Every structure is written in C-alpha cells, then in structure tokens.
Amino acid sequence: MVEHGGQRLPGVDDGAPRIVFHVDMDCFYAACERRRKPGLQDEPVVVGMGYEAGESHGAVATASYEARAHGIESAQAISTALDRLPRVEDASADEPAGHYLPVDLDYYETVGEEVRDILHDCADVVREVSIDEAALDVTEQTSWQRVDGRTLAEGYARHIKERILQEVGVVASIGIAPNMSAAKVAADSEKPDGLTTVEPGDVAEFFAPLDVEDVHGVGPVTARELREMGIETAGDLAAADPSRLDERFGERGREIRSFARGDDTRQVTPVGRPKSLSSESAFTDATDDMGALRERVAALATAVAERADREDALYRTIGIKVVTPPFDVNTRARSLPGPVADADLVSEVALDLLNEFDDATVRKVGVRVSNLAFATGEQASLDGFESATRERADGGTGRSRETGSDEPADRSESPAEPTDGQAHFDDFAEE
C-alpha cells in the first residue's frame, strides 16, 4: 500500500482489491409506512403513486413481500393490484386483503436522510444511487482478512445493517464485493434482510450459475435477446463470443460480458446534480390499450415531477419515450419558454405527446424532464409555450437499439454510465 503518514495517498491505487458495499433498503416505502404505523408489520402493504384512498387509478410504487405473495408488482396498475388483493376496507373477514397507502415522498426522504447519515458516517466515499440505494467504498474502513471463518468486511457490513435497523427502524440488504456491479448483484441475491459476500477471485464463479437477467445492466428485453442467442446464464454470457455480442448489441454487449466475467473498473464516486430526471416502465406484454398507456404515463409524470420538486429543480423541456416492438425507441419533447416546476404541466404535456402513438403497440414508456436549473428564481410564464422540439433517439430516424435497462424492475445504474448525470428510475418503482 502506498501510504503517507499512515494514510493512502489520494488518487493512488496500490492494486489491492477494493471493498465495495451495495446497500439496498428492502421495500423502502412500505418499510417507512411500517415505521410510523407498527400495526402494519407482517401485513400486506401496497404503496401507490397517483391515487387516493377509495380510488382505483394510478400504479404500484412498491409492495411488501407479503403483498408480492398475492401477485402485486411494482409499476402494476392499482386496478390490477386490487383485483388480486382487495383493500382491507372492502374485503370480507375471511379473505386476504392489503393496506393501500398513498406515497408520502416527503416522509420517505426524511427516513432516507437518516439512513444516508449512517452511510456517510461509515464510509469515506458514498455514491447515492437513489432514495433507498447506495454504493460505498469501505476499502479504508475494513479488510478482506478472514477472522473466525468470515471476512472483516462482512462483520463491518453487519455493523452497518444493525445501525440502520436500530437507529432508523428499517431493514437493509447489503452486497459485498470488489467492484460495484458484483456488489449490486450480491445485494439483490438474498432479499430481504440479506448479506452476501463475494470475495476477490470468486466473482466469476459467483456469477456463473445466475440467470443472465441477474447480470448488472441486463433487463428483460436484453435477457430475451440473449436467450434467443442461446445465452441463458451469466456463465454463458461470460464465455460468449465477443464478436456475436458486438453484432447484436454493439459496445454495450462487451460491457455486460465484462460484468458477467466479474470485471468492473468503475470507481465509487459521488453523483453530482443531474441534468435530467426520468422514469420508465415496461409492460410484461406489448399493448395497444391507450387507456393503460395513459394511466402509466400519468403515473410516471407524477414520479418525475415529485423527484424534481425534491431536488429543487426547474425544467425547460418535458418529453416522453415510447418503445415499440421489436426494439424501436421513439422520443418526443416539448420546450417551454423558461424553467418551471409544474406537476400538472408535466402530465399534460406527456399525455399530449403520447397522442401521436394512439395506434401503436407499445412495450415501454418513459417520461423525462431536462434542461434543469437549480438556481432560485421566478418561474417563466407558461403562456404560449412552444412545441417545436421533437427529438428522436438516434438523431432523426426514430429507430435505435433498445438499451435493455428495463426499469422499473431493475433500478440499477446503466453499465454505460450517463455522461449527463441523468437520474435513474428510482422514484416510480423501487424494487
């Protein structure tokens, strides 16, 4: 180790394996609700976006594991969730029922801040991925050394989990690995209340038997394409011919292959202010049901606007993303005369832009606000805002390869990290 005065010199890498923790709060929104309402412990809890009690519009933001046992999923329409698990207020005494609660982002942010305070106290470098997820570089705080059959890193992770539980009252799962992508997969591999260690030298072996969709950066769309190529597991992906992946996915194919092999050279670095905020949601099967599409886009617009409000961000551009089969990505955007913060306007513009696709079959939709401003100042007037800007994903043709980052099922950062600091899709569906 290169040291000076007992400390590692900044920017100097001595080649020793780093120690990265990925901390992921389990069903965070539901956990927050249980914290302030202890009677909900062990009960099915569904936290919804864009609806109020007694109504059936909107979408599921998160569901407790008890609710998931009844088929409730993130990004699912509330109406579908209610068909599978009625509200306790409406259910008969002998049938299963769930507690449906509206999202309270202000409260969740308060709880999240308490968790982040602990993480920053326990690590020199913290990358806050979302309200309920973070990557920590704890190389200077602990060690891969084994004592009494387990690594010191595992003991330190248990210490962090216990602090979060005792001081905040919510449960975290932690993955321990020598790089970010492996730590993320490790955290996801044993939920809830999980703690998984992948030691240096064991990463490729850890990945090999996993389903290819478990590889960081591989969503359902990419996984389906890989399976069409005969690639079923992470081990298959690691051993795949790079030229075949290049032909199908371009440079990104080599990136996901590297992750499947346990190779990830990215450093844990704090995230700066974003230049855009977005939220996406994929349908299990492509649909041409405009009612379902509008409901999903409205919920996504609410998520994006509320995230912008929490970030104290104004925006000058509102846009949507529509993915049609097989993997055609279409984006549309509308520019405003000046920066605003108006949730109703985000929904109005997004739904208006969606009208262009009223005869399309759609497999994924997204809402995005961009050209952000964080300086304090008055909002621009909305009178006569222009609708001149139409953006295409590939610079004009309206066709591009689907990225395969199929949020919200996977909130993880894209393997090719966005250069503009774009926020990831953590506010719509967090598990």
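## Charges over rings

Arginine 36 sits over the face of tyrosine 107, 4.2 Å from the ring centre. This model is predicted.

## Aromatic pairs

How many aromatic pairs does a search of the whole structure find? It finds 5. One of them joins tyrosine 29 and tyrosine 108. Their rings are stacked, with 4.6 Å from centre to centre and 20° between the planes. This pair links distant parts of the chain. Tyrosine 29 belongs to helix H1, residues 28–36. Tyrosine 108 belongs to helix H4, residues 105–122.

Phenylalanine 206 and phenylalanine 207 make another kind of contact. Their planes meet at 70° and their ring centres are 5.6 Å apart, so this pair is edge-to-face. Planes over 60 degrees apart count as edge-to-face. Phenylalanine 206 and phenylalanine 207 are both buried.

## A ring cluster

Which residues do ring pairs link into a cluster? They are Phe28, Tyr29, Tyr107 and Tyr108. Tyr29 and Tyr108 are the stacked pair described above. Tyrosine 107 is the ring that has arginine 36 over its face.

## A covered helix

Helix H6 spans residues 180–188 and is mostly covered. Of its 9 residues, 8 are buried. The buried residues include Met180, Ser181, Lys184 and Val185. Alanines are also among them: Ala182, Ala183, Ala186 and Ala187.

Conventions
Residues numbered from 1 in each chain as written. Predicted model: local features only at pLDDT ≥ 70, side-chain atom pairs only at ≥ 80, totals over all residues. Heavy atoms only, no water. Phe/Tyr/Trp six-rings, centres within 6.5 Å; stacked < 30°, edge-to-face > 60°. Helix = DSSP H or I, 4+ residues; strand = E, 2+ residues; numbered from the N terminus. Buried < 20%, exposed > 50% of the residue type's maximum accessible area, 1.4 Å probe, protein only. Lys NZ or Arg CZ within 6 Å of the ring centre and 35° of its normal.
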